[in-house]
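Good morning, and thank you for joining. Please look at the sequence and the structure on the screen.

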Amino acid sequence: MKSTLFNPIKGLTLFGLLLFASCEKEESLPSNQVNETEETAQEVDLTTTMEDIDEVTLSSFQRNGFANRSLLTMEEDLCEKVKIEWLPGVKKMIIDFGQGCTSPRGVTRKGKIIVTYTGRYWSPGSVITSTFENFYIDDRKIEGVRVITNQGFNENDKFFTFKIVMEGGKITWPDGTFRTVESRHVKRIFLPNGDRGVIYKIAGSSKGVNRNGNDYLVEITTPLLFSERCIRSGIRIPSAGVMVMRVRSKDEIKIDFGTDACDRIVTITRGGETKTVTLPVRL
């Protein structure tokens with residue numbers, strides 16, 4: 001009978017291969033850890049980025065006199081080098097930031113936003129569709145199709161209502177990680193009232209996959225309030241409102257933006273525990 005001897009070198013080699021395969025498998029799977037502060041920062045970053053795109057589109061309509069300046073004029077935040085190609089014959093506009101330029105408020109954009117439209121921005125029934133060609137905001141690549149539909153003006157309370165749909169949305173950070181989004185929102189833009197300036201409120205929900213590969217769902221339970229005075233001061237996140245996020249369908253995170261203060265402070269509640277954090281300017 002032949003005896004079998006253990007070869008330590010072969011044993012170590014086999015162990016190393018098994019360990020490598022195990023690590024490779026773990027790295028390819030979604031993370032089981034949910035960091036509520038990180039999740040909040042990601043979602044707020046995505047929300048403010050989408051709002052920035054809407055503001056750029058509106059500003060471009062204003063420059064071409066196609067936004068009814070007598071009704072409402074928003075303050076622009078476009079860099080000097082941006083080129084806006086106006087193609088009224090096919091109802092199309094190309095907003096080209098070239099290789100990149102920085103706006104007065106410090107936002108760096110590059111690439112193109114391609115806009116098609118059926119009518120003026122403030123005209124009820126108008127549909128405005130934005131797509132992106134190698135478009136970046138502060139080194140984050142933006143993809144997807146964003147459709148804005150003007151649903152009319154409320155004469156009593158002086159606001160416009162817009163339905164906003166995002167399909168195939170994706171934001172990719174410089175490290176290659178990304179967050180996808182499909183969203184259905186309703187935005188109300190209120191005309192200036194005294195010293196208040198323009199404000200807008202956003203309600204609705206979104207879903208997608210986060211940077212760790214986990215599914216998430218976000219519902220705005222109290223409309224998010226964006227204030228022109230805060231945006232002018234460099235604070236682009238909501239100044240009020242509440243959203244609830246569920247990661248992997250079970251980890252619930254409540255995000256409270258406070259009561260109309262121009263700051264980056266939010267209150268996060270998860271599992272009965274509450275903490276207050278200051279969100280970063282950039283992720």
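This is a predicted model: local features need pLDDT of at least 70, side-chain atom pairs count only at pLDDT 80 or more; totals for chains, interfaces and linings use all residues.

Cys79 and Cys101 are joined by a disulfide, with 1.8 Å from S to S. The term is used here for a pair of cysteine sulfur atoms within 2.5 Å. Residues are numbered from 1 along each chain as its sequence is written, and side-chain values use heavy atoms, with hydrogens and water left out.

Let us return to the cysteines. The structure holds two disulfides. In the pair already named, Cys79 lies in the loop between helix 2 and strand 1 (83-87) and Cys101 in strand 3, so the bond ties together parts that are 22 residues apart in sequence. Helices (H or I, at least four residues) and strands (E, at least two) are DSSP runs, numbered from the N terminus. Cys79 is buried at a relative accessible area of 3%, and Cys101 is buried at 8%. For these labels, buried means under 20% relative accessible area, exposed over 50%, and partly exposed in between, with a 1.4 Å probe and protein chains only.

The other disulfide is formed by Cys230 and Cys262, whose sulfur atoms are 1.9 Å apart. Its torsion about the S-S bond is about -75 degrees, so this disulfide is left-handed. Cys230 lies in helix 3 (residues 228-232), and Cys262 in the loop between strand 12 (251-259) and strand 13 (265-270), so the pair ties together parts that are 32 residues apart in sequence. Cys230 counts as buried, at 1% relative accessibility, whereas Cys262 counts as partly exposed, at 30%. With the bonded cysteines of the chain numbered in sequence order, the pairing is 1-2, 3-4.

I turn now to the charged side chains. How many salt bridges does the structure hold? The count is 23 salt bridges, each defined as a side-chain nitrogen of Lys or Arg within 4 Å of a carboxyl oxygen of Asp or Glu.

One of them joins Arg146 and Asp54, at 2.8 Å from N to O. This pair links distant parts of the chain, with Arg146 in strand 6 (residues 140-154) and Asp54 in helix 2, 92 residues apart. Arg146 is buried, at 3% relative accessibility, and Asp54 is buried, also with a relative accessible area of 3%.

Helix 2 also carries Glu55, which meets Arg105 in a salt bridge of 4.0 Å, N to O. Arg105 lies in the loop between strand 3 and strand 4, so this contact ties together parts that are 50 residues apart in sequence. Here Glu55 is buried, at 17%, while Arg105 is partly exposed, at 24%.

Between Lys112 and Glu133 there is a further salt bridge, the closest N and O atoms being 3.8 Å apart. Lys112 is in strand 4 and Glu133 in strand 5, 21 residues apart. Lys112 is partly exposed, with a relative accessible area of 27%, and Glu133 is partly exposed, with 38%. Through shared partners, salt bridges join Asp52, Glu55, Asp77, Arg105, Arg109 and Arg236 into one network.

Finally, the aromatic rings. Rings of Phe, Tyr and Trp (its six-membered ring) pair if their centres lie within 6.5 Å; planes under 30 degrees apart count as stacked, over 60 as edge-to-face and the rest as tilted. By this rule there are 14 aromatic pairs. Among them is the edge-to-face pair of Phe61 and Tyr121, with 5.8 Å centre to centre and 65 degrees between the planes. Phe61 is in helix 2 (residues 36-63) and Tyr121 in the loop between strand 4 (108-117) and strand 5 (127-137), 60 residues apart. Both Phe61 and Tyr121 are buried.

Phe97 and Phe135 make a tilted pair, at 6.0 Å centre to centre and 45 degrees between the planes. Phe97 lies in the loop between strand 2 (92-96) and strand 3 (101-102) and Phe135 in strand 5, so the contact ties together parts that are 38 residues apart in sequence. Phe97 and Phe135 are buried. To close, one aromatic cluster is formed by Phe61, Trp86, Tyr117, Tyr121, Trp122, Phe153, Phe160 and Phe162.
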